[in-house]
Amino acid sequence: MPSPRRSVEGRPLGASASSSSSSSPGSPAHGGGGRFEFQSLLSSRAPGADLTCARLRASESPVHRRGSFPLAAAGPSQAPPPPLPEEDRMDLNPSFLGIALRSLLAIDLWLSKKLGVCAGESSSWGSVRPLMKLLEISGHGIPWLLGTLYCLSRSDSWAGREVLMNLLFALLLDLLLVALIKGLVRRRRPAHNQMDMFVTLSVDKYSFPSGHATRAALVSRFILNHLVLAIPLRVLVVLWALVLGLSRVMLGRHNVTDVAFGFFLGYMQYSIVDYCWLSPHNAPVLFVLWNQQ
């Protein structure tokens with residue numbers, strides 16, 4: 001009759017208990033049995049179970065959800081988008097010079113609009129607009145060129161012809177430089193300007209720099225250096241140049257920076273004329289031809 005205390009494997013329970021108690025938990029026999037059972041559990045898994053678990057853990061990772069850790073086996077890697085053209089990029093870090101220029105342009109436009117009090121008949125100072133237009137004609141290039149040619153034809157002294165010849169040279173240089181800069185910059189006139197100017201050319205639709213301002217600075221410096229005038233007349237010449245430049249903004253013809261640069265350019269033009277001063281010694285052909293006429 002078999003003993004009821006035997007185990008399923010045919011060994012007595014007491015013997016198994018005594019054998020397990022005789023072996024310590026840290027003995028090789030006990031540890032070897034545990035490792036054997038663990039390895040048998042691993043080997044009993046399906047072949048693709050490890051790869052599936054790794055994918056699930058990676059998909060649940062917050063790094064993978066943000067898209068910054070793509071899996072190699074998730075699919076073919078997509079090519080990065082092409083970079084935007086330079087003109088379509090947003091300048092997130094503008095330079096200090098760019099900020100300063102934009103601020104200066106905004107102040108220039110705002111101040112020019114505020115000072116354009118004679119831009120139209122309905123403006124706040126529209127009643128003085130005819131006077132400003134008369135002042136505009138006084139600084140136009142055509143009256144100055146015709147007046148210089150007439151005085152040159154009526155002059156009977158070598159000194160007078162020399163001064164008038166250089167004034168004609170200065171006026172022609174002014175027209176050339178202003179037209180060249182206007183054609184290069186191509187800054188439009190203010191929006192509140194009325195195109196009713198006196199004898200305009202193709203480049204006169206542009207505003208930078210102001211030709212009246214350059215001519216006023218050039219002529220006034222020329223007169224003050226080569227004509228003997230009393231002090232009240234010298235002050236009057238300076239006031240004429242300043243008021244003429246201010247009238248360009250009041251009429252809405254130019255912005256403030258157009259007039260400011262025009263004054264600077266006219267001042268420097270006289271330095272060029274003074275450096276290249278024409279005289280019977282360095283340009284005798286011009287004076288001989290003029291005397292024959």
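Tutor: Helices are DSSP runs of H or I with at least four residues, numbered from the N terminus. The model before you is predicted.

Student: How many helices and how many strands does the chain have?

Tutor: There are 12 helices and zero strands. Followed along the sequence, the pattern is therefore written α-α-α-α-α-α-α-α-α-α-α-α.

Student: Which residues have the most contacts inside the largest nonpolar core?

Tutor: The general idea comes first. In soluble globular proteins, nonpolar side chains tend to be buried together. Here the largest nonpolar core holds 20 residues, and Leu152, Met165, Leu171, Phe222 and Val273 have the most contacts inside it. Two or more residues of this core come from each of helix H7 (141-154), helix H8 (158-185), helix H9 (211-226) and helix H11 (256-275). The greatest share is that of H8, which gives seven residues. There is also a second, separate core of five residues, including Val117, Cys118, Met250 and Leu251.

Student: Is serine 112 buried or exposed?

Tutor: A residue counts as buried when its relative accessible area is under 20%. Serine 112 has 0% relative accessibility, so it is buried. In the chain as a whole, 28% of the 293 residues count as buried.

Student: Where is serine 112 placed, and what does its side chain reach?

Tutor: Serine 112 lies in helix H5, residues 96-115. Its side chain reaches the backbone oxygen of aspartate 108 at 2.6 Å.

Student: Which residues does serine 112 touch, not counting those up to four places away in sequence?

Tutor: With those set aside, serine 112 touches His192, Val249, Asn255 and Val256.

How values were computed: Residues numbered from 1 in each chain as written. Predicted model: local features only at pLDDT ≥ 70, side-chain atom pairs only at ≥ 80, totals over all residues. Heavy atoms only, no water. Buried < 20%, exposed > 50% of the residue type's maximum accessible area, 1.4 Å probe, protein only. Polar contact = N/O pair within 3.5 Å; in protein donor to acceptor, adjacent residues only side chain to side chain. Contact = heavy atoms within 4.5 Å. Core = buried A, V, L, I, M, F, W, Y, C linked by side-chain atoms within 4.5 Å.
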